[in-house]
Amino acid sequence: MAQDEMLRIAVPNKGALSEAAAQMLREAGYRQRHDSKELVLVDDENHVEFYYLRPRDIAVYVGEGTLDVGITGRDMLLDSGATADEIMALGFGRSRFRFAAAGASGWSVKDLDGLRIATSYPGLLHAYLADQGVQARLIKLDGAVESAIRLGVADAIADVVETGTTLKKAGLELFGEVICHSEGILIQRRGEVDAEALELLKRRLSGVLVARNYVMVDYDVRADALERAVAITPGLEGPTVSDLHKEGWHAVRAMVPRKDAQKMMDELWSVGARAILLTDIAACRL
């Protein structure tokens with residue numbers, strides 16, 4: 001890539017991934033559009049260009065080498081068959097791709113042999129069924145897949161599932177194993193890419209993930225309980241421990257997983273820690 005060229009990044013222009021992707025990029029220090037009709041945004045300060053595209057098209061543009069990297073769903077990448085590589089999971093837009101049918105609680109994937117399956121992801125589903133040795137007729141639909149059985153178009157469906165509520169309302173039951181665990185991912189084209197700009201992007205996005213998944217915990221603890229408290233909050237490289245003005249007491253600070261923070265606070269209290277505080281992390285580099 002020439003020295004004066006910018007890193008070209010594809011971003012979803014609508015759908016479930018769009019706002020989450022834009023918010024993550026903002027938190028990573030990149031400019032993002034304010035007008036939903038804006039198709040291209042140039043961020044001169046960070047030497048990148050953003051292209052706002054249909055989520056399903058992003059893997060194709062990146063795979064063809066038209067754009068350098070992109071944010072899309074893992075299910076969309078697999079469905080596209082594009083020659084692009086997943087390089088980072090981004091932690092948002094999580095979903096499962098599963099089979100469902102009416103009265104199918106005891107079914108397995110083998111029961112689909114010879115049946116009609118409606119789906120919006122024929123590429124992904126075809127590859128999965130071929131791997132399972134199942135031959136079925138795939139009915140491609142762009143949306144409202146859960147209505148296909150009631151309308152007589154299909155015998156079963158394969159669709160993205162978040163909570164399963166929509167399928168239950170349609171009288172359908174999930175069956176078989178999860179076909180694909182999906183989430184927002186960063187993908188890269190094959191071939192030469194500005195390694196420095198890409199590494200900066202990855203480092204910034206990783207920093208956002210850490211900031212979202214960790215919090216800072218601060219507390220005071222007596223010297224005779226310090227080792228027990230530190231064992232609860234070991235931090236990453238080890239906690240920061242400082243002497244307090246009050247003799248025999250220490251102040252401790254450590255990064256801890258957000259999901260475990262409340263439990264840790266309870267455990268710290270039980271060993272005698274006091275003035276226990278949790279603080280959000282705005283940004284991080286590890």
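Biologist: Where in the chain is the place of Leu 78?

Modeller: Leu 78 sits in helix H3, which covers residues 74-80, and please keep in mind throughout that this is a predicted model.

Biologist: Is Leu 78 buried or exposed, or partly exposed?

Modeller: Buried means under 20% relative accessible area and exposed means over 50%, with partly exposed in between. Leu 78 has a relative accessible area of 44%, so it is partly exposed.

Biologist: Which residues does Leu 78 touch, not counting residues up to four places away in sequence?

Modeller: A contact means heavy atoms within 4.5 Å. With residues up to four places away in sequence left out, Leu 78 touches Leu 124 and Cys 180. Lys 168, by comparison, is 90 residues from Leu 78 in sequence, and the two C-alpha atoms are 26 Å apart in space.

Biologist: How many helices and strands are there in the protein chain, and why is the chain described as more spread out than a compact globule?

Modeller: The protein chain holds eight helices and 15 strands. Its radius of gyration is 24 Å, well over the 19 Å that the globule rule gives for 286 residues, and therefore the chain is more spread out than a compact globule. Along its principal axes, the C-alpha trace spans about 75 × 55 × 35 Å, while 45% of the 286 residues count as buried.

Biologist: Which feature does UniProt place at residues 211-282?

Modeller: The UniProt record, an unreviewed entry, places "domain: Histidine biosynthesis HisG C-terminal" there. In the model, residues 211-282 are 28% helix and 40% strand, and the end C-alpha atoms of this span lie 6 Å apart.

Definitions and conventions
Residues are numbered from 1 along each chain as its sequence is written. This is a predicted model: local features need pLDDT of at least 70, side-chain atom pairs count only at pLDDT 80 or more; totals for chains, interfaces and linings use all residues. Side-chain values use heavy atoms; hydrogens and water are left out. Helices (H or I, at least four residues) and strands (E, at least two) are DSSP runs, numbered from the N terminus. The radius of gyration is taken over C-alpha atoms; the globule rule is 2.2 Å times the number of residues to the power 0.38. Buried means under 20% relative accessible area, exposed over 50%, partly exposed in between (1.4 Å probe, protein chains only). UniProt positions are given in the numbering used here, feature names are shortened, and annotations may be inferred rather than shown by experiment.
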